[in-house]
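Hi,

Here is the structure I promised to pass on to you.

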Amino acid sequence: MRANGRPRTNTSASASLTAVRNLGILAHVDAGKTTITERILFATGTIHKRGEVHTGTTVTDYDPQERDRGITIFAAAVSCTWEGHRVNLIDTPGHVDFSDEVERSLRVLDGAVAVFDAVAGVEPQSETVWRQADRHGVPRIAFVNKLDRAGADLDTAVASLRDRLGVVPLVVQLPIGQEDAFTGVVDLVAMRALHWPAGSDTYETGPVPGALREEAQRRRRLLEETVAELHAGALEEFCADSALGDATLARALRELTLSGDGVVVLCGSAYRNRGIEPLLDAVLAYLPAPADMPPVRGMADGVEQERAPDPAEPFTALAFKVTATATGRLTYLRVYAGTLRKGETVRDAATGRTERVGRILRVQADRHEEREEAVAGEIVAVVGLKSARAGTTLCAPGAPLLLEPPSVAEPVVSVAVEARRSADTGRLASALARLAEEDPSLVVRSDPETGQTVLSGLGELHLEVAVEKIRGGHGVEVAVGRPQVSYRETVVRGVTGLVHRHVKQDGGAGQFAQIVLDVEPLEDTAFAFRSTVVGGRVPQEYARAVEAGCRDALAEGPLGGFPVTGLRVTLTDGATHSKDSSELAFRTAGRFALREALRRCAVELLEPVVEVTVSVPEEAVGGVLGDLAARRGRVSGSVSEAGNAVITAVVPLAELFGYASRLRGRTQGRGVFTSRPAGLAPVPAPVAASVAAALPAG
């Protein structure tokens, strides 16, 4: 048996695009993402002392709130080298309230490592971030973590991947030992054992232990059969030789990962520093380099164009994160094409505004390393841009190309905020503006009825963190109102043939528009508009104006002034005037016609609901179920896991405020819960009446 001969080095990675990996770490909260990131930095020699989440000493959880709460709140970028490759890594949040951070990160990543708890398997937020990665087409490998925990079982965790995520797991490792006795893994591709001696930071390689040889051969055979079923080249070799060579197997695993037809699964214990080096090897072997990615597509002068990931192409980058630090305003960029040098001017592809890049930085969480240039395939931060926001496309001034920005989730919870001292009102406004600039999922508005400043976000914790940032980061004491959810209104029964005639004559050119609308309910879509007018009675440009007017009317519904969703409007007929008709007249007609139609429709109130997963001791199940029922929860399942009852239910978000404290009280601190958005649901009539009664008069 020999010691692993690869030293931890900090040698500079090759400039070649094939020697770069841009990946994210994705998981449910507390699955071990940050610990894995910390161990990766240690294994690559980037840091020389391991930090721990529970002591607040990790590199990526550098924000005071992250250290106090023991969770990742803000996506943090770090960079390291492994086997001559530059690995740019983003540690993403695992809590549902910060899923927009994950969305923005996935928009710019080439690959990801999805982390799963070996006891819990696929958890609610694990599934949420997996689906987010699906939407972005990001190739993934899986790492089953915490194999040293009591109750850990690789096969059970893998089964949950297959059942809940609908993927084909390609398990390439077999654990050596269970729970506390977990000491290493069998590499099923190279058919060798990797063993981490107690107290050692490196592993040793050797032959497969005799007690595991038969099981390892069985699993290798199963892996070959699964790969042959999915990969044509592997199938050809398997049929000819009744087996796959190591090189063929490795090549097929990479191609299946890139296509998304299979998911390579590794395992280990990040806390005990076991399994990290093979994970890094798998990142290089299976996840794509920027050179493997297709050219980026965007719009230029109304025409779709593409740019290859080549340093010689015109500079093209997407800003995905903005933060204010002691160093200055940092704008995080993914460079898709071209080369950016310090001091050069870049153009905002949407506005045409140009700005000068003062400094280019390689980011190491809250530390930075100066760079002279950034090339295609890299993730860097720049200083000097004042107007760029998350989602801004930056490009060479003479070669604009507008890329699709990351989507932003709609806020579901709001609180009123005000400065405790009138002298701090201006500082509060400045702090709120900066928060909204750094986090697009935070929305600040002024309530026209009450005059209050309202801060909206993705959850109670999201808003708590934002308010604490105002207090701690900006030194402003604020008073916060009770959280309020974002209700919606929807059409249950529509109307047909509504005629609206808009006429305005006040001297000079007048306004004339006549339209006929049908309004009907529409599932799974917020709004749709179509025109069935024939004979040119309403020209196309006027029909588009009617659609714009209808969209204006969706801002306030007839029940409580909440936004309207879930309806289709059909323009069936209309009339024009040779002189007085205009796009403005038809837009105005569309707005007032839909308002009138909504008053005649049967409309109901919708509220955001969430799927909660509650884990409690068996003896507390009765009280917890009763409490969920009192909160209008609908229980969908209950199973026993490791001595606890795990209850799933759909609960209105409005009923979950303060639930964590209530749950801890009912279970003597042993109950925990997680939640994820589950869409909108009708509000029962008595509750809808109380919501309407609570609205400001007028």
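Directly after helix H8 comes Gly-260, with a positive phi near 80 degrees. Helices and strands here are DSSP runs numbered from the N terminus, with helices being H or I of at least four residues and strands E of at least two. Before I go on: this is a predicted model, where local features need pLDDT of at least 70 and side-chain atom pairs count only at pLDDT 80 or more, while totals for chains, interfaces and linings use all residues. Residues are numbered from 1 along each chain as its sequence is written, and side-chain values use heavy atoms, with hydrogens and water left out.

Back to H8, which covers residues 246-259. Its 14 residues should span 20 Å at 1.5 Å a residue, and the end C-alpha atoms are 20 Å apart, so the two agree. The expected span is 1.5 Å times one less than the number of residues. The buried residues of H8 are Thr-248, Leu-249, Ala-252, Leu-253, Arg-254, Leu-256 and Thr-257. By buried I mean under 20% relative accessible area, with exposed being over 50% and partly exposed in between (1.4 Å probe, protein chains only).

Asp-246 is partly exposed at 41% relative accessibility, whereas Arg-220 is buried at 8%. I count as a salt bridge a side-chain nitrogen of Lys or Arg within 4 Å of a carboxyl oxygen of Asp or Glu, and the structure holds 51 of them.

Two other salt bridges may interest you. Within helix H6 (residues 210-230), Arg-219 and Glu-215 lie 4 residues apart, about one turn of the helix, and their side chains meet at 2.7 Å, N to O. Arg-219 is buried at 15% relative accessibility, while Glu-215 is partly exposed at 25%.

The other one joins Arg-164 to Glu-127, with 2.9 Å between the closest N and O atoms. Since Arg-164 sits in helix H5 (residues 154-165) and Glu-127 in helix H4 (residues 124-136), the pair ties together parts 37 residues apart in sequence. Arg-164 is partly exposed, with a relative accessible area of 33%; Glu-127 counts as buried at 13%. Both residues belong to a network of salt bridges that also links Arg-131, Asp-134, Arg-140, Glu-611 and Arg-676.

The side chains of Asp-148 and Ser-269 make a polar contact of 3.0 Å. For that term, the N or O atoms must be within 3.5 Å; within protein, one must be able to donate a hydrogen and the other to accept it, and residues adjacent in sequence count only if both atoms are side-chain atoms. Asp-148 is buried, with a relative accessible area of 12%.

Now to the sheet. It is open, with 8 strands in the order S19-S18-S24-S15-S16-S23-S20-S21 and antiparallel pairing. At its edges are strand S19 (354-356) and strand S21 (367-371), each pairing on one side only. Two strands are said to pair if DSSP finds at least two bridges between them. Neighbouring strands are turned by 40 degrees against each other on average, direction ignored. The axes behind that value are lines fitted to C-alpha atoms, for helices over the stretch in contact, and angles run from 0 to 180 degrees between N-to-C directions.

Strand S23 (residues 379-383) is joined to strand S20 (residues 359-364) by 3 bridges, running antiparallel. Leu-361 has Ala-381 as its bridge partner in S23, and Arg-359 has Val-383. Strand S16 (residues 328-337) pairs with S23 over 5 bridges, also in the antiparallel sense, and here Leu-330 stands opposite Val-383.

Is S23 buried or exposed? 5 of its 5 residues are buried, so S23 is largely enclosed by the rest of the structure. Ile-379, Ala-381 and Val-383 lie on one side and Val-380 and Val-382 on the other, so both faces are covered.

Best wishes
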